[in-house]
Amino acid sequence: MFIIKQTISGNDYYYLRKSVRDGNRVISKTIAYLGKNKEEAEKKKIEIIEKLARGERIEGSESIDSENSRDVVEAGDNTEKMENTEEQKKLSIEELTNFCKEKGFVFRSSELYGGFSGFWDFGPLGIELFNNIKKDFWNFFVTSRDNMVGIEASIISHPKTWIASGHVANFSDVAVVCKKCNKATKIDKSEVGKVNCECGGEYDVKGEFSLMFKTKVGAIDAEEAYLRGETAQGMFMDFKLVQQTSRMQLPFGILQIGRCFRNEIAPRDFLFRCREFHIGEFEFFINPEEKKCDLLTDLHKKVKVKLLDGETQERRISSESQDSENSKFASEPDNLLRQTTIGEMLEEKRLDEWHAYWLAEQIFWYNSIGLFEIKIREHKKDELSHYSSATFDIDYEYVFGSKELGGIANRGQYDLTQHAKASKQNLEIFDEKYKNKVIPRVIEPTFGMERAFLAILTKAYTFDKKRDNIVLKIPAKLAPIKAAVFPIVKSPEYNSMAEEIVKDLRKEWNVTYDKSGSIGRRYARNDSVGTPYCITIDEDSIKDHNCTIRDRDTTVQIRVKIKELKEILKKLINNEIDFKSAGKLVETRVKEE
């Protein structure tokens, strides 16, 4: 459920909505009216959620589970009826792929030659969005913290790295072919003999295959090496050097975002399962004696999550066909999920305090970029990686299904111990707090960066029936283009003023200059690629040195002084001020239906 604001005759009205399925599409349904004040709306939302959890009916609204929820809710004598003009469409993978290609977000790699399975290129808008996501991720986890530093390790490392880490022996999948439909795919080792194809057919096991990409290093007497399958090992190998040069004391973390390569048996689902991709992850090093996390607060413990725990999965005996290529949630009914909190998971001893802290921080970051539709799945004992004692998947409820977005694992002392043995180097460090030398234990949060990219895109993809146009509601701080500048009048004087504004704004952001077509067409073009603010230079701008800013999501317009434009935009992009309070409201004509 989420809060939306609608403006009618200059007045704000807040509503609680929920995305629900309607046939083959997903639409937004209004649940309740929340009032005219944002703070009041937030309080009422919490009250409603608590009432629903107790099974109580909400007065003045349809049941949350009703398929007949109204598009319009009457809420008191003074409330106007409002039509829901926005619709979040259910996108197929093919539709999403085509949209990304059409708008310049993502292209098939080597399309000139028919493409190359499992490889993709970011287009002009895609790389801007992707870089903004990575920058926000880096700021959240590195720049804003005293206990985290970043590195960028090489893609190819010494071959012994992957032997010591266990990847050469254990980093593999089982290739299978369906006996009924002949579809080739892969399954986990733990799923052999337990799962069937989505068509119901049994799998014919073809063998176990390594996911590591092999390569040769050197022209003469070439040595066999590997492209990295994860970014983690570079951080383990550089651990002691980083600690010494950065003068870090336990507990501390090392983070990097980098390209990884996996020789997938059956790449599919666009960017979700490909052979080259980016992982953002960090290794957080802790003294094994330190059980308490002094950073864990009540705010972290109160984080609510939908959890699919290990026992529920173990108890579930099902003869239904399962599609093992999808997230584990894809075949799990929602009634197996239970609402819990990070604090309750701690009490149940599913994870320790540091594990709990970083899981909550992961959720905080996802929420900060607009991703709230999250589920947590606990790994069963028989599917834990060779290095992990406890792992949780973080899944996101995309409009085309629930899929893995990231994860978090307790790697213990496994990796550093393995590298110390294989290299015969001492990787112990002295901990000032406990006055002892230790090999630290590790908590590892992992983020699929392309998957975050697509989660943001699919959630942002909205069809506005009133505008008859796609509106890509990407958070302003992540938008590939922050603003578009339009001269309304085609003459040198107006063009010159617009160009000067563009020149100034480009010192801070990616800004586009558009003087082609009608003003409506220019708005529509920018709405469809997520540009949050459109700036127009009109007849009055030459006289009063003011300009108009239009908000993408609401189409509300304000008038501001050109000399204050950059500072106002900065505050709007950083969500420091409300749009309507940033300037003088402009009355605009409303097209009659």
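The structure is a predicted model. In the sheet, three strands are arranged in the order E9-E8-E10. The helix pair consists of H14 and H17, whose axes come within 10 Å.

**The sheet**

- Strand E9 (184-187) and strand E10 (203-210) lie at the edges, each pairing on one side only.
- From one strand to the next, the twist averages 35°.
- Strand E8 (residues 172-178) is joined to E10 by seven bridges, and these two strands run antiparallel.
- Within this pairing, Ser172 has Ser210 of E10 as its bridge partner.

**The helix pair**

- Two packed helices are described by the angle between their axes and the distance between the axes.
- Helix H14 spans residues 492-505 and helix H17 spans residues 565-573; their axes cross at roughly 50° and come within 10 Å.
- The crossing of H14 with H17 is right-handed.

**Residues in the helix contact**

- From H14, the residues Ile501, Asp504 and Leu505 take part, and they meet Leu565, Lys566 and Leu569 of H17.
- Sorted by class, the contact between H14 and H17 comprises four nonpolar residues and two charged residues, with no polar ones.

Definitions and conventions: Residues numbered from 1 in each chain as written. Predicted model: local features only at pLDDT ≥ 70, side-chain atom pairs only at ≥ 80, totals over all residues. Heavy atoms only, no water. Pairing = 2+ DSSP bridges. Helix = DSSP H or I, 4+ residues; strand = E, 2+ residues; numbered from the N terminus. Axes fitted to C-alpha atoms, helices over the stretch in contact; angles between N-to-C directions. Left-handed = near helix turned anticlockwise from the far one by under 90°. Contact = heavy atoms within 4.5 Å. Nonpolar A, V, L, I, M, F, W, Y, C, P; charged D, E, K, R; others polar.
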